[in-house]
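Good morning. Please look at the model on the screen while I go through some charged pairs and then the nonpolar core.

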Amino acid sequence: MAAGQGIEVATLFLRGLRGGLDAGLDLPQALARSASGLPRGARERVRGIRRRLDGDYQEDEWGFDGEFRDAVEPVFDFLYDAWWRVRVSGVENVPGHGRALLAANHGGILPWDATMMSVALMREHPLPRQPRFLVLDWAFELPFISSTIRKVGGVVASPHNALRLLGQDELVAVFPEGVKGMAKPFAQRYRLQRFGRGGFVEIALRAGAPIVPVAVVGSEEIYPKLGESRTLARAVGAPFFPLTPLFPWLGPLGAIPLPSRWRIEFCAPIETASYGPEGADDRGLVLELSEQVRQTIQRAVLENVVKRGGTFV
Amino acid sequence: MAGRRVLVTGVGSYIGTGLARRLEDHPDFDYVAGLDTRPSRSPLERTELIEADIRDPVIATLIAQAEVDTVVHNQIVRQPEPGTSSATMHDINVIGSLQLLTACERSPSVRSIVIRGSAGIYGSEPAAPQFFGEEMTRLYPLRTRFQRDIGEIENYFLTFARRHPHVTCTMLRYQPAIGPSLETQITRYLSAPVVPTYLGYDPRLQFVHEDDALDALVAAIRRPVRGAVNVAGPGTIGLTRLVRMAGRPTLPVPAPLFASTAGALGRTGLPRLSPDFRNLLRYGRAVDTTRLTEEVGFTPRYSTPAAALDFVARHAPRGMVPRLKRAVA
């Protein structure tokens with residue numbers, strides 16, 4: 001289609017839209033009416049928008065919105081292919097169906113590592129799966145961020161949520177380092193922090209779900225934390241307030257992650273079903289398994305840092 | 001168990017009248033009494049209406065005379081009504097429940113008490129579990145006056161149940177009810193010409209359909225279980241999706257300005273929003289209903305999206321309902 005023709009079609013569309021609105025139709029109806037003159041692709045898109053505006057779409061009980069996830073996919077794909085150039089290994093270690101718990105190291109303030117893990121599983125896994133990831137509860141107080149995370153598959157990091165998801169045979173991603181992982185300074189990158197009291201192992205044991213250790217390399221360089229401000233953290237009610245080369249000096253632009261190169265390795269799963277749910281009450285077993293997972297991730301992280309070579313190029 | 005005798009408080013409410021009618025139609029129930037100062041919403045056939053204020057100590061004698069085996073406490077005011085001040089609301093809820101319990105203590109025939117309570121006791125919290133189980137009432141402080149009232153009521157019944165082990169107390173924790181004939185805070189909100197929302201928040205909400213709300217009560221009366229039971233339609237619905245289904249224009253307001261904006265809109269004639277309801281609009285709330293299906297043996301007919309759709313279908317300004325039905329199915 002020539003450029004002139006395109007402009008003509010667009011003008012017709014806008015004129016039709018205005019006419020519809022003037023005639024007292026509401027926005028979705030006016031959109032539908034004026035879309036008839038558009039080429040097919042654009043017509044489909046307008047129809048999609050109209051459906052969304054009518055509330056005619058699906059969310060599951062957790063608030064996951066498949067259409068929204070598909071709509072932001074190009075952004076994720078860009079980050080995955082061009083920005084971070086993610087390399088993935090070991091996807092075959094993730095079960096193709098049934099419950100499983102992915103445990104990964106954690107870096108960065110926003111859950112980009114979880115997002116890239118889910119893109120990796122959707123693209124590279126023979127039976128693509130959308131994992132649900134547990135996100136630090138603080139993120140759910142924030143406007144826009146809370147609703148976006150929820151729509152792409154994030155849930156509040158709470159053992160109740162994890163158990164319910166596993167009970168529904170979902171794939172659940174956790175970051176056992178928690179806020180300690182996010183808050184570690186740049187100099188400490190890829191040194192895994194303590195895994196708390198091993199709550200994630202208890203959950204896996206109780207649900208009889210295998211634990212898949214995951215090493216993510218690259219995520220710990222996207223927001224290099226140089227320092228933190230306690231005063232600002234208290235002022236905004238955050239668990240910590242990072243100072244990076246870009247944040248908070250550039251405002252919202254400071255949330256742009258640096259283009260490090262990434263590697264994600266899914267390690268061999270650790271079976272937990274044989275211990276039975278009562279294993280969750282065995283403190284020794286929980287701490288032992290937790291340490292085993294930690295060491296597996298730490299080893300895989302260091303291997304992948306070496307394999308990756310340069311951090312940014 | 002045939003020949004049951006039931007007393008329903010708050011029989012003048014939509015749910016109270018509906019429940020009395022359902023009990024009348026049921027062969028298991030020999031005698032139905034309704035307590036209220038208001039008349040019933042529609043004429044009832046064989047329900048004996050006892051005109052008394054639940055806060056009045058005289059109800060002890062009246063209830064003892066009725067010789068009922070089951071008392072259904074349905075007079076908990078959940079939202080500020082136009083004619084009811086918040087002090088009256090507190091009075092009816094707390095003093096009313098106390099008087100009712102005293103009356104039950106003096107009526108030796110009472111074997112079970114079913115309370116239509118509120119899931120509002122869990123609150124609406126950003127970091128809350130996405131489905132509250134019955135044991136999770138103590139995760140957060142009770143922040144609003146209504147929550148504290150409900151907390152107090154639950155405590156009274158808990159103490160009562162401990163002291164009188166032969167009486168089964170069932171605390172039904174209802175999510176907000178919705179449906180074509182019910183008028184509640186959520187239906188008023190969704191019927192307003194413009195709907196204020198929190199900018200950047202899209203909470204998950206959960207409802208129980210008005211028919212299921214009644215059937216759940218009947219199920220709990222027929223099979224009383226001890227302790228708390230959540231009542232809600234399965235599933236959740238995002239506020240954005242709900243408002244769009246209802247075809248209402250939204251007014252997104254930044255969180256710090258929301259209370260004052262909503263207050264100003266309330267003065268211009270739009271529905272007033274209680275503090276509990278405002279929290280719900282920001283953070284939402286959903287509950288786990290395993291106990292309802294497995295122990296009370298009641299499965300709601302309407303999921304939350306289906307219940308919302310049934311409300312919308314009645315009020316929908318556009319012929320879009322058939323398509324939405326597909327989406328909900």
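Start with Asp77(A), which is partly exposed at 22% relative accessibility; partly exposed means between buried, under 20% relative accessible area, and exposed, over 50%, using a 1.4 Å probe and protein chains only. This is a predicted model, where local features need pLDDT of at least 70 and side-chain atom pairs count only at pLDDT 80 or more, while totals for chains, interfaces and linings use all residues. Residues are numbered from 1 along each chain as its sequence is written, chains are lettered from A and ligands numbered from 1 in the order in which they are written, and side-chain values use heavy atoms, leaving out hydrogens and water.

Asp77(A) forms a salt bridge with Arg123(A), with the closest N and O atoms 2.9 Å apart. By salt bridge I mean a side-chain nitrogen of Lys or Arg within 4 Å of a carboxyl oxygen of Asp or Glu. Arg123(A) is partly exposed too, at 36%.

Next, Asp202(B) and Arg150(A) meet in a salt bridge at 3.3 Å, N to O. Asp202(B) is in chain B and Arg150(A) in chain A, so this pair joins two chains. Asp202(B) is buried, at 6%, and Arg150(A) is buried, also at 6%.

Now the core. The largest nonpolar core has 41 residues; such a core is a set of buried Ala, Val, Leu, Ile, Met, Phe, Trp, Tyr and Cys residues joined through side-chain atoms within 4.5 Å. Ile59(B), Val68(B), Ile113(B) and Phe157(B) have the most contacts inside it.

Methods: Helix = DSSP H or I, 4+ residues; strand = E, 2+ residues; numbered from the N terminus.
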